[in-house]
Amino acid sequence: MSKRKNKNQLPVVLVILIVIIVSVVSVLNSQKDDGEPVNKVSTNGDSVVIHYLDVGQGDSEFIELPDGRCMLIDASTSEYSQTIINEIESFGYSTIDYVVATHPHADHIGGMSKVIDAFDIGEIYMPKASTTTKTFENLLTTISDKGLSVNTAKAGVEVYSDSTLEMEFLAPVGSDYKDLNNYSAVLKITYGSNSFLFMGDAEDVVEEELLQRYYNSLEADVLKVGHHGSSSSSTVDFLAAVNPQYAVISCGVDNSYGHPHRETIKSLTDMGIEYYRTDKQGTITITCDGNGGFDIETEGK
């Protein structure tokens, strides 16, 4: 007795083939041009999201870009490394596309080694400044062990640019400073009509250099205040040129340095700049769509 041919057999085979093809295409699309996996997260609805992390007396900012890529600026002290790792993972990222270590002080790079170990890393930017501390040596060793190289962060270096998004270093301008703070990699991010300025620990010496070099293009909507709100930064002339609508100060609760200093707070208040503090409000998240508006969320303490 002959067997009847199953009419449904061909469609089943086709379905299997389609599933296989879709899977292969999906894998290929999940890779960068260089073959490395990108973050498997959705885009942010054409928004830039910046998290000024609550990391005690230190600095760390995590930035989500509209195309699903991301950037980390600094990683506070070593005790906050796991906090930073947990936060980045909670946002859905397994790769950090851009890492910026503004300068080699422990309150900015202390947690960086463990963060770099924990994620796939794209590009690393650091200024040409060095120190003999174990923290700095550990960071260089970690970078080398992962087979990564360091791009020099200095004035005029462009990290990324397209028709709507630009990320460029404005400092360091010089190469011979007495204080490591003044080697800070100062970064400006412009997205549509919105802009953000990240000052690291740059002090008045650098602010004056920026005024001379970039006066007509310093203006930014949001300023990450230099040196944790110290009176050594945020001169009146500099604040007037930047003319921010908002300012963010990263500092620890009851820190021994007295940051932020009352002189800085007075300048911000007198100029009508709305400011936020991580020691008072925890992690501060600012979202913008490039059209001028901002959504600001704080954890509160």
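Reader: Which residue in β4 stands opposite Leu72?
Author: Leu72 stands opposite Val99 in β4. Please keep in mind that this is a predicted model.

Reader: And what stands opposite Met71 in β4?
Author: That is Tyr98. The strands concerned, β3 and β4 (residues 95–100), are paired in the parallel sense over three bridges.

Reader: What lies between those two in the β-α-β unit, and which hand does the unit have?
Author: Helix α2 (residues 81–90) belongs to the unit together with β3 and β4, and the unit is right-handed.

Reader: Which way do the side chains of β3 point?
Author: In strand β3 (residues 70–73), Cys70 and Leu72 point one way, while Met71 and Ile73 point the other way. All of them are buried.

Reader: How does β2 pair with β3, parallel or antiparallel?
Author: Strand β2 (residues 61–64) pairs with β3 in the antiparallel sense, over four bridges. Within this pairing, Glu64 stands opposite Cys70.

Reader: How many residues are there between the strands of that hairpin?
Author: There are five, and in this hairpin Gly68 takes a positive phi near 95 degrees. Asp67 is also found in the loop between β2 and β3.

Reader: Let us change topic. What is the order of the seven strands in the other open sheet?
Author: They follow the order β7-β8-β9-β10-β11-β12-β13, and the pairing is mixed. The edges are formed by β7 (158–161) and β13 (274–277); each has a single partner strand, so one side of each is left without a neighbour in the sheet. Neighbouring strands here are turned by 15 degrees against each other on average, with direction ignored.

Reader: How do β10 and β11 run?
Author: They run parallel, and three bridges join β10 to strand β11 (residues 222–224). Phe198 stands opposite Lys224 in β11.

Reader: Which strands does helix α6 lie across?
Author: Helix α6 (residues 204–214) lies across β8 and β9 (186–191), at about 120 degrees to β8.

Reader: Now the aromatic residues. How many aromatic pairs are there?
Author: A search of the whole structure finds eight. In one of them, the rings of Tyr125 and Phe169 have centres 5.5 Å apart and planes at 45 degrees, so this pair is tilted. Tyr125 is in strand β5 (residues 120–126) and Phe169 is in strand β8 (residues 165–171), so the pair ties together parts that are 44 residues apart in sequence. Tyr125 and Phe169 are buried.

Reader: What kind of pair do Phe196 and Phe294 form?
Author: Theirs is edge-to-face, with 5.9 Å centre to centre and 80 degrees between the planes. Phe196 belongs to strand β10 (residues 194–198) and Phe294 to strand β15 (residues 294–298), so parts 98 residues apart in sequence are tied together by the pair. Both residues are buried. Ring pairs also link Phe196 and Phe294 with Tyr246 and Tyr276 into a cluster.

Reader: What else does Phe196 touch?
Author: Not counting residues up to four places away in sequence, its contacts include Ile50, Tyr52, Leu187, Ile189, Val222 and Ile286.

Reader: Which residues have the most contacts inside the largest nonpolar core?
Author: They are Tyr52, Ile63, Met71, Phe169 and Phe196, in a core of 30 residues. Among the elements that give two or more residues to this core are β1 (48–52), β3, β4, β8 and β10. Another core lies apart from it and has 29 residues, among them Leu211, Tyr214, Ala220 and Val242.

Key: Residues are numbered from 1 along each chain as its sequence is written. This is a predicted model: local features need pLDDT of at least 70, side-chain atom pairs count only at pLDDT 80 or more; totals for chains, interfaces and linings use all residues. Side-chain values use heavy atoms; hydrogens and water are left out. Rings of Phe, Tyr and Trp (its six-membered ring) pair if their centres lie within 6.5 Å; planes under 30 degrees apart count as stacked, over 60 as edge-to-face and the rest as tilted. Buried means under 20% relative accessible area, exposed over 50%, partly exposed in between (1.4 Å probe, protein chains only). Two strands pair if DSSP finds at least two bridges between them. Axes are lines fitted to C-alpha atoms, for helices over the stretch in contact, and angles run from 0 to 180 degrees between N-to-C directions. Contact means heavy atoms within 4.5 Å. A crossover is right-handed if, with the strands pointing away from the viewer, the path from the first strand over the helix to the second runs clockwise. A nonpolar core is a set of buried Ala, Val, Leu, Ile, Met, Phe, Trp, Tyr and Cys residues joined through side-chain atoms within 4.5 Å.
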